[in-house]
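Student: Please take a close look at one part of this structure and what surrounds it. I would like a connected account, with the charged pairs included.

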Amino acid sequence: MMEAEVNPPPVRLAYQIEPYLEGLEWAIGGSTLLYTLGLEPNPTDLDLLTTVEHFPLIGRRLTALLEPVPQPDHPSFQTAHFARFIASDGTGLDLMAGIRVASEGGVVSWTFDHARVARRDGLPWMTPEDWLTLYKLFDRRSRVAQLERYLAEASLTPVARVSGLSALNQQGRTSSGHGEDADP
């Protein structure tokens, strides 16, 4: 398929795993979502969120397809369920459920809501608004600024937000560079 050849590795990986996760509640966020919005020219990993209930099953299915990678402890991220995988091409995949982040004010929780997922081009995508919330929790200031600008501009031109991946097909995807998306 010609489309697959122009997509970056995380999008190709999403298409690869999608049939194995059919019928389960999950969605794509992080830098790969930002790529579909035209905000990240070169995503290097795939962030998936799911429900606490579906995490074990998705984790088992991904383990059959990808190599599990140990995740070191993080002082702020206390997510109930987290797993990291790597594909044969080196693309990383982080699977999360039950987000919890420690801050000076205490632990803040965020729950994935599958009802807010939008299916575009055969894949389930989280909303930019949800990732704005998550990036704020993760203290990812530059990502927060990117999404705030995007949402402010999109509110002026609602068609831009609806078109998602299809609009990117017209813009081309040959940019290089890397955002700061080493962790979710």
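Tutor: In this predicted model, the contacts of G92 are T44, D45, L46, F85 and I86, once residues up to four places away in sequence are set aside. The C-alpha atom of G92 is also 8.5 Å from that of D47, a residue 45 positions away along the chain. G92 belongs to strand β5, which covers residues 92-97. Its relative accessibility is 17%, so G92 counts as buried, the cut-off being under 20%.

Strand β5 also supplies one partner of a charged pair. D94 forms a salt bridge with R84, with an N to O distance of 2.7 Å. Because D94 lies in strand β5 and R84 in strand β4 (residues 81-86), the pair ties together parts that are ten residues apart in sequence. Both D94 and R84 are buried.

The whole structure has six salt bridges. Among them is the pair E18 and R119, whose closest N and O atoms are 2.5 Å apart. E18 is in the loop between α2 (9-17) and β1 (26-29) and R119 is in strand β8 (residues 118-120), so this bridge ties together parts 101 residues apart in sequence. E18 counts as buried at 16% relative accessibility, whereas R119, at 52%, counts as exposed.

Another salt bridge joins K136 to E148, with 3.7 Å between the closest N and O atoms. K136 lies in helix α5 (residues 128-137) and E148 in helix α6 (residues 141-156), so the pair ties together parts twelve residues apart in sequence. K136 is partly exposed at 47% relative accessibility, and E148 is partly exposed at 38%.

Note on methods:
Residues numbered from 1 in each chain as written. Predicted model: local features only at pLDDT ≥ 70, side-chain atom pairs only at ≥ 80, totals over all residues. Heavy atoms only, no water. Helix = DSSP H or I, 4+ residues; strand = E, 2+ residues; numbered from the N terminus. Buried < 20%, exposed > 50% of the residue type's maximum accessible area, 1.4 Å probe, protein only. Contact = heavy atoms within 4.5 Å. Salt bridge = Lys/Arg side-chain N within 4 Å of Asp/Glu carboxyl O.
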